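Colleague: Before we look at the model together, could you take me through how its features are to be read, one after another?

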Amino acid sequence: MADAGAADTGLAERIRTALARVIDPEIRKPITELDMVGPITVDDTGAADVTIKLTIVGCPAAASIERDVREATAATPGVTSVAVDVQVMSTAERQALTERLRGGRSARGIPFGPESLTRVYAVTSGKGGVGKSTVTANLAVALAASGLRVGLVDADVHGFSIPGLLGLVEDGLAVKPTQVGDMILPPVAHGVKVVSIGMFIDAPTDGTTAVAVAWRGPMLHRTIQQFLTDVFFGDLDVLLLDLPPGTGDVAISIGQLLPHAEVLVVTTPQPAAAEVAERSGVVARQTGQRVHGVIENMAGLPQPDGSVLQLFGSGGGEALAARLSIGQDAPVPLLASVPLSVPLREGGDAGLPIVLSDPTDPAAAEILRLAGQLAARPRGLAGRRLGVSTN
Ligand SMILES: Nc1ncnc2c1ncn2[C@@H]1O[C@H](COP(=O)(O)OP(=O)(O)OP(=O)(O)O)[C@@H](O)[C@H]1O
C-alpha cells in the first residue's frame, strides 16, 4: 500500500479532516483532538486504511467510534473502500491525553474554583423525600436542553437516586463510568454528564436492597473531592450538586471545596418542612455560600373540577424565602413552585425526565421556566461573591 501522497495528494489529509466530525461520545470532543487517529494510508485505487487508538481496552464507545470513523472515511470523495485498524493507546499516550484534557491543571485541582466561569448550584433540603433529586434531575436535563453544558454530581450518599431518575441503569445497577488512567469519564444522560456515588457501589437503583452507606465524614469529603477533581466534566456552563438532606458533612464539605457555589433550597409547602429547610440554608451561609433561592415542590395538585388539592398545605416556599431573607442585603426569592404531578413521579420511576417527555405537564412547565431563568444568568463572575470570607 502506497502512502497517501503517492496515490492522491491530500486524500489522507481530507480523510483526517472528515474524522474531525467523529466525536468521542464519552469525552465529547472530536477524536482528532484526542490523538485517537493514527496513520491514514490510501492506495492508488482509493482503498483507505485508518488506524484509530482507543483510550482503554474494552472501551464501551469502541463500536460507535469505529462505525463513525468508517462512515466519515467512506463519505470522503475519492475513497473506494475502508479498513479500520483499532488499537489501544499506550500508557504514555493515555497519560498525555489526560494531562491535556485537564488543561495543565494539577491532577488534584478542582476545576470549579472561584476563578471558573461555571455556575455551581448545590441543591439541598431540610429533610428527605421532598423531591429534591427529582427536581434536580429534571432541572439539569432542562438546562442541557436549552443548549448549556451541564454536569450533575449526585452527592446524596444516603439516597443516590439520580442514576435511576435519568435512566442510567443496566441490569438494575447504576451504569459504571469508564476510567482512563485516573480520569473518570461521566456517563451522559439526556445531555447531562452525571456522576453518582451509586455508580461506585453495587446497590440496586430501585432501592429494593437498602445498602447502608455508613460513610464517615472524612471518607465522604474525599469522595466528593474526587468527584470534583478526577471526573472529566470538561468546560461546563452549569454544575448541579444533589446534596443529601439535612445539614450534614457533605454540605460542609461542599462549602469548603466549592465556596462560591450558590445554594438552591427545596422545600414542600408544609410550614414545618420549611422550618427544617431553613437550617440547611443557614449552614450553607455559615460555610460561605450564598443562597440563590427557594424551590417549593409538591405544591397544589389541580383537580378535574378546577379546585386545587393542597396535599401538603401551602405557603411553605414563601415563608422559607422570607426567613432566609432576614438580615441579607438582597431578598432570597421563591424561584419556583412545582405542583404535585403523577407524570413527574412516573417519569422519575421510568428514567425519562418529564421535562423532555411531556413539557406541557404543569410540573414540567414550572421546572422549564426555572431552567430558563437560571440559563439567562450570565456565565461568568459578574454578580458572584468571590471566595473571600470575613468571618
Ligand atoms: N412534584 C411531585 N409530584 C409528585 N411526586 C413527586 C414530586 N416530586 C417528587 N415526587 C416523588 O416523591 C418521591 C421523593 O422524591 P425524591 O426522591 O426526588 O426526593 P428527595 O428529596 O431527593 O429525597 P431524598 O433526599 O431523601 O433522596 C419520589 O417518589 C418522587 O417521584
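Modeller: Let us start with a pair of helices: in helix 9, Pro271, Ala273, Ala274, Ala277, Glu278 and Gly281 meet Gly316, Ala319, Leu320, Arg323 and Leu324 of helix 10. Contact here requires C-beta atoms, placed from the backbone, within 7 Å, and helices (H or I, at least four residues) and strands (E, at least two) are DSSP runs numbered from the N terminus. By class, this contact has seven nonpolar, two polar and two charged residues, where Ala, Val, Leu, Ile, Met, Phe, Trp, Tyr, Cys and Pro count as nonpolar, Asp, Glu, Lys and Arg as charged, and the others, Gly among them, as polar. The model is a predicted one, in which local features need pLDDT of at least 70, side-chain atom pairs count only at pLDDT 80 or more, and totals for chains, interfaces and linings use all residues. Residues are numbered from 1 along each chain as its sequence is written.

Colleague: At what angle do helix 9 and helix 10 pack, and how many Å apart are their axes?

Modeller: Two packed helices are described by the angle between their axes and the distance between the axes. Helix 9 (residues 271–286) and helix 10 (residues 316–325) pack at about 35 degrees with axes 9 Å apart; axes are lines fitted to C-alpha atoms, for helices over the stretch in contact, and angles run from 0 to 180 degrees between N-to-C directions.

Colleague: What is the order of the strands in the open sheet?

Modeller: Strands of a sheet pair through backbone hydrogen bonds, either parallel or antiparallel. The open sheet of three strands has the order 1-2-3 with mixed pairing, two strands being paired if DSSP finds at least two bridges between them. Its edge strands, strand 1 (37–42) and strand 3 (81–88), each pair on one side only. Strand 2 (residues 47–54) and strand 3 pair in the parallel sense over eight bridges, and Lys53 stands opposite Gln87 in strand 3. Helix 2 (residues 11–18) packs on the sheet, touching strand 1 and strand 2, and its direction makes about 140 degrees with that of strand 1. Helix 3 (residues 62–74) also packs on the sheet, touching strand 2 and strand 3, at about 145 degrees to the direction of strand 3.

Colleague: Which domains does the domain assignment give?

Modeller: Domain bounds come from an automatic or database domain assignment, which gives domain 1 (4–101) and domain 2 (119–375). Their centres, taken over C-alpha atoms, are separated by 39 Å, and the contact takes eleven residues from domain 1 and seven from domain 2.

Terms used:
Contact = placed C-beta atoms within 7 Å.
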